[in-house]
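Hi everyone, thanks for coming.

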Amino acid sequence: MGIHKIDVTRGIQWVEVPEANLRVLCGCPADAVKHLIKRGLILPQEVKGVACETGPNAILLSDVSLQNAEFANLAEFPVLQMLYKQGMLLPGHPNNTGKKPLLIGSADQVESQLRYIYRGNYGLVSREEIMEAGVPEAQAEQMMRLKLKFAFGRIKPTSEFVDTRIVGETAVEIVPGVQLRRLKPNVFEFSHAGEAVTVDLNLAAGLNYECAYPLGYRRFDSEYFSVIHSGEGDGWDINRPTMSSIITYQGSLYLIDAGPHLVNILSALGIGIDQVDGIFHTHAHDDHFAGLTALMRAGRRIRYFATPLVRASAAKKLGALLGIEDEQFGDFFEVKDLAFDTWNDVEGLEVMPIFSPHPVETNILVFRALWGEGYKSYAHFADIVALDVLRGMVTSQADQPGIDQAGFERTRAAYLAAYDLKKIDIGGGLIHGEAKDFKEDKSARILLAHRASELTPEEREIGSSASFGTVDVLVEGVADGLRRQAFAYLDANLPGVALHDLRMLVNLPISEINPGAIFIKDGEMPQEILLLLSGQVEKIRTSDKMLGSLSVGSLIGDDAILDKRPFQHTYRASSFVRLLRIPIGLYAAVIRRNGLLIRLLRMSAMRSFLNTTSLFSEGLPVAVLGRIIDGATERHFAAGEFISGKDVTLINIIRSGRVERVLGTKVLDVLGPRDFFGEEEAVLNMHDLFRLRALEETTTVQIHGDLFRNVPILRWKILESYQQRAARMVHSNEQADGLFVWNESYGVNVAQFDAHHKRLIAIANTIAQQVQMGCDGAALSGALEALVDYTGYHFAAEEKLMRLYGYEEAESHAKKHGQLMTQVSEYRERVLGGAVPDQAGFMKFMEDWIVRHVLDEDRKYSAFLNDKGLY
């Protein structure tokens, strides 16, 4: 055959056309390179006497950035493998023939990956961005000099070293003789010389991308102050997770960094996502960043600890991947900024971030806890640079890229300070540390990490290594933290229960379940109530295609007992699990004598329904779910009734009936029981472009969007659903007639503002559709108000950036913004005053008002901001 396809692993395929010198990695979730290595598709080789690797030279991207709550497109490491390990970018390398890595996919996903790779390479790209993170101007200048040294003198747009091919709705030639076409969203056909293969990048519901390395299972025991070693490898290590640690302190759990497959890592250690109290973040390279999605699937905003520099870098990279604004980082995390070079108190655990020279903003971290005659300390040094490399960057010329001698000495002193335990990046090369620099280090115990290869004899003299899941105990714990947690969980599940009853329940036996064990089967009658104290539990009912998980603190069996019915799911331990066992009779007696039966019956009925939906299948903290249930109401719609107004400003979950979603005159989809709608306005703050109509008598559960705002897993699922629906619209040609369609010629090559312009067009399309369908004045008024509000937000963002970078025409541009705001406000007042606009008239107004401004005025700042490194 002239064209070959290999199924590499779930969500990743390989297509090769030897005659065309084309090797395509199809799908690039986290650790795609490691899967290729394990399948023998990346191998060491020698070309003209130069050692290098084989591998792909093109990447086919998923049509959606998220699949089953995981990043579907993470091209940073595959591109790095092509550029450096294959040698496509290295000066004088025999594989440097001028050919660049090729990114293939939809326009949105290709552009997203270009921006994400750009931020992955450089982090913050200008003195102005660094100053926005709170750094004084002189220090920002020094940081930019160092950054430019790592960047070989210039910040380069990704397009200089990566080629792209956009796959629209017709076949495209990706290289001479090879055609690619999209058959449907995320399904593609490659053809060459009369042969064809099909690639399907869709993940089935309930499935996740596979972990590249086996982890086994460990029992997790919380000590007073300890370090669990959750990763010692690097981004290329096929046998171990990337460098990371987990700190336990006074019963709290803190992650240091979030590498790929964080869910698998935590599961292997018997830790549930909702047991994590916070993450300390060193920097935003993928091997320390890609696992953030796991934390964004928690039932509450997990605390994010980093310096403002690191946070800004991570927020911009995450924004590029998800198409969200930088400030929306705070929708998913509770941001806790740390100050450089000082001890920051985190509920008794002290942490000092120290600046570390690296291509992206990086802080190494030192932790200490007061104990005995002083402190016990742990230093986590990821990522650092070898002192010989840093010494070579020293320059006395203040206008040249590099670092001054004083900066070098500060860094060297910070690296070599002694601590009780120190974990060090010794990855080598231009941007990682070397073990030899720590030969004279006086730390009590040194661990060497961030390496794929084995330690050399010389390195083994300097430091130790740590196997996955091993623990360094700095201060032993003597208190029973598990029963303390059980008390808090029971109090949340049974609000108002007398203190003596809670103490009685907490005194019941705790048992452990082994990983992989089924401990309850669908259809069994409950014999006891189980309280999940630690670990991860799957909840399965394949007859309804339901696969979910439980949050720690969940009661198992209470619904079945209250409703006097058998279990309706199978429960399986996916890690070591600890459960508090409560006899049925004792549980019933506590409920009766505390007067909780009526409330718990109502909660049980609503929870039983919500748990059958995809939106709530992951399990939420008890207190969070309780607030949502308390705020939920039911709404009935007659057959044929249009759903609008206040009803679409709430999350609606269909309990019975069917609802059609219409775009223009075309039915986009039909929603049935357990599906949801209304998320655009309720949670995403977008005006809904669709019309909704009940096809039959329909009942929905309505929930106010405010109850979702601090629940990352719900926001995440809503965002994923919205992106998949948008992709389906775009790639199924389901655009409504007579509406604005984004044209790439409108682009200003600044991603933030292109996204704003697309949003303005989407709002305009909502108004045009409402005008066309003769919607009521209240709905039209709301849409026009949204247009005015978002226009003001967009103009303010443009003007802020122009002022920040000293754009010469900023003042005149702002005046034009003022004129445009007046025009749209007057238009809104005319409509509210009774003027009846027609669709053609409104579309003409929009074209004159915003499109002309974008083409005539915004294009002027495009080149200026690009020159400043903003794309």
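Let's begin with the largest cavity, which has a volume of about 130 Å³. A quick word on terms: on a 1 Å grid over the protein atoms alone, a cavity is a set of points where a 1.4 Å probe fits but cannot get out, and lining residues have an atom within 4 Å of a point. Grid points are joined across faces, edges and corners, and a volume is the space filled by probe spheres set on the points.

Fifteen residues, or 15 on the slide, line this largest cavity, and the closest to its centre are Ala30, Asp31, Phe77, Pro260 and Asp286. Three helices, α1 (32-38), α2 (76-85) and α7 (286-289), each supply at least two residues of that lining, with α1 giving the most, 3 residues. Helices here are DSSP runs of H or I, at least four residues, and strands are runs of E, at least two, numbered from the N terminus. By type, the lining divides into 9 nonpolar, 2 polar and 4 charged residues; Ala, Val, Leu, Ile, Met, Phe, Trp, Tyr, Cys and Pro count as nonpolar, Asp, Glu, Lys and Arg as charged, and the others, Gly among them, as polar.

Before I go on, please keep in mind that this is a predicted model: local features need pLDDT of at least 70, side-chain atom pairs count only at pLDDT 80 or more, and totals for chains, interfaces and linings use all residues. Residues are numbered from 1 along each chain as its sequence is written, and side-chain values use heavy atoms, with hydrogens and water left out.

In total, the structure holds 6 cavities of 30 Å³ or more.

Now for the rings. How many aromatic pairs does the structure hold? There are 25 aromatic pairs, where rings of Phe, Tyr and Trp (its six-membered ring) pair if their centres lie within 6.5 Å, with planes under 30 degrees apart counted as stacked, over 60 as edge-to-face and the rest as tilted. Phe280 and Phe367 make an edge-to-face pair, 5.0 Å centre to centre with 80° between the planes. This pair links distant parts of the chain, 87 residues apart: Phe280 is in strand β18 (residues 278-280) and Phe367 in strand β23 (residues 363-371). Both Phe280 and Phe367 are buried, meaning under 20% relative accessible area, while exposed is over 50% and partly exposed in between (1.4 Å probe, protein chains only). Together with Tyr254, Phe305 and Tyr378, Phe280 and Phe367 form one aromatic cluster.

Two rings also have a charge over them, that is, NZ of Lys or CZ of Arg within 6 Å of the ring centre and within 35 degrees of the ring normal. Lys85 lies over the face of Trp236, 4.9 Å from the ring centre, and the charged end of Arg759 sits over the ring of Tyr790, 4.7 Å from its centre.

Last, the cysteines. The whole structure has 0 disulfides, a disulfide being a pair of cysteine sulfur atoms within 2.5 Å.

Notes:
1 Å grid on protein atoms, 1.4 Å probe; cavity = no way out; pocket = protein on both sides within 12 Å on 5 of 7 lines; lining within 4 Å.
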